[in-house]
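Visitor: I'm new to this structure and would like to learn how to read it. Could you walk me through a few features?

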Amino acid sequence: MAAGSYSNILIVTLLLLAFSINLTTCKKTNVEFIKTSCGFTTYPTLCFNSLSARAGAIQTSPKLLAQTALSVTLDTTRTTSSSMVKLSEKHGMTPLEVAAMKDCVELLSDSVYELQKSLEEMVRPGAKDSRLVMSDIQTWVSSALTDENTCTEGFNGDSKMKSVVRGKIVNVAHLTSNALALINTYASLSS
């Protein structure tokens, strides 16, 4: 083989190695960004676990981080809402539990709507007044969190149904709280 061929192979090998190192560094940087950002939320471990798999899409963008957190929260809230509808169709609940379950299903439906509206506004390009839009998003996500936290209030003090419902709602409320914290951070950076 000629000396030129060896140098070409060496150059290609070095370029591939540099690209691989750069890719690994970017991935590590993206994951570190998520970990650091989640450190400012109320539930940092849940935040990191729910978002780290999307590090490549989020990169180091506070806006993409907030949007992704909102999207994950919306998906989880929809799933939980569907689960609650099925649970509400179970027989053997007391009349008070039936009424509380009906209220809870309605509150979760409201929460899904508020989170959906928030996500739509976050991804909409070119808002006229970004501070006003961010204020609306913060209000809707805060309302969704209130709806989720209110969900278990109608159940008797220590009933089995309250425990079941609370078990389903807690994760959604924690995700919503984290999304709100990340949205608040993004809003403060963008104003």
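Visitor: Which cysteine does a disulfide join to Cys-38?

Guide: First, keep in mind that this is a predicted model. Now the general idea: a disulfide is a covalent bond linking the sulfur atoms of two cysteines. Here, Cys-38 is joined to Cys-47, with an S to S distance of 2.0 Å.

Visitor: Which hand does the disulfide of Cys-38 and Cys-47 have?

Guide: Look at the torsion about the S-S bond: for Cys-38 and Cys-47 that torsion is about -65°, so this disulfide is left-handed. Both Cys-38 and Cys-47 are buried, by the way.

Visitor: How many disulfides does the count come to?

Guide: The count is 2 disulfides. Cys-104 and Cys-151 form one of them, with sulfur atoms 1.4 Å apart. That pair ties together distant parts of the chain, 47 residues apart: Cys-104 sits in helix α5, while Cys-151 lies in the loop between α6 (130-150) and α7 (160-190).

Visitor: Are Cys-104 and Cys-151 buried or exposed?

Guide: Buried means under 20% relative accessible area. Cys-104 has 0%, so Cys-104 is buried, and Cys-151 has 2%, so Cys-151 is buried too. Number the bonded cysteines in sequence order and the pairing reads 1-2, 3-4.

Visitor: At what angle do helices α4 and α5 pack?

Guide: Helix α4 (residues 62-88) packs with helix α5 (residues 95-123) at about 155°, and their axes are 9 Å apart. An angle over 145 degrees counts as roughly antiparallel, so that is how α4 runs relative to α5. Their crossing is left-handed. The residues of this contact divide into 15 nonpolar, 11 polar and 2 charged.

Conventions. Residues numbered from 1 in each chain as written. Predicted model: local features only at pLDDT ≥ 70, side-chain atom pairs only at ≥ 80, totals over all residues. Heavy atoms only, no water. Axes fitted to C-alpha atoms, helices over the stretch in contact; angles between N-to-C directions. Helix = DSSP H or I, 4+ residues; strand = E, 2+ residues; numbered from the N terminus. Parallel < 35°, antiparallel > 145°, perpendicular 65-115°, else oblique. Left-handed = near helix turned anticlockwise from the far one by under 90°. Nonpolar A, V, L, I, M, F, W, Y, C, P; charged D, E, K, R; others polar. Disulfide = S-S within 2.5 Å. Buried < 20%, exposed > 50% of the residue type's maximum accessible area, 1.4 Å probe, protein only.
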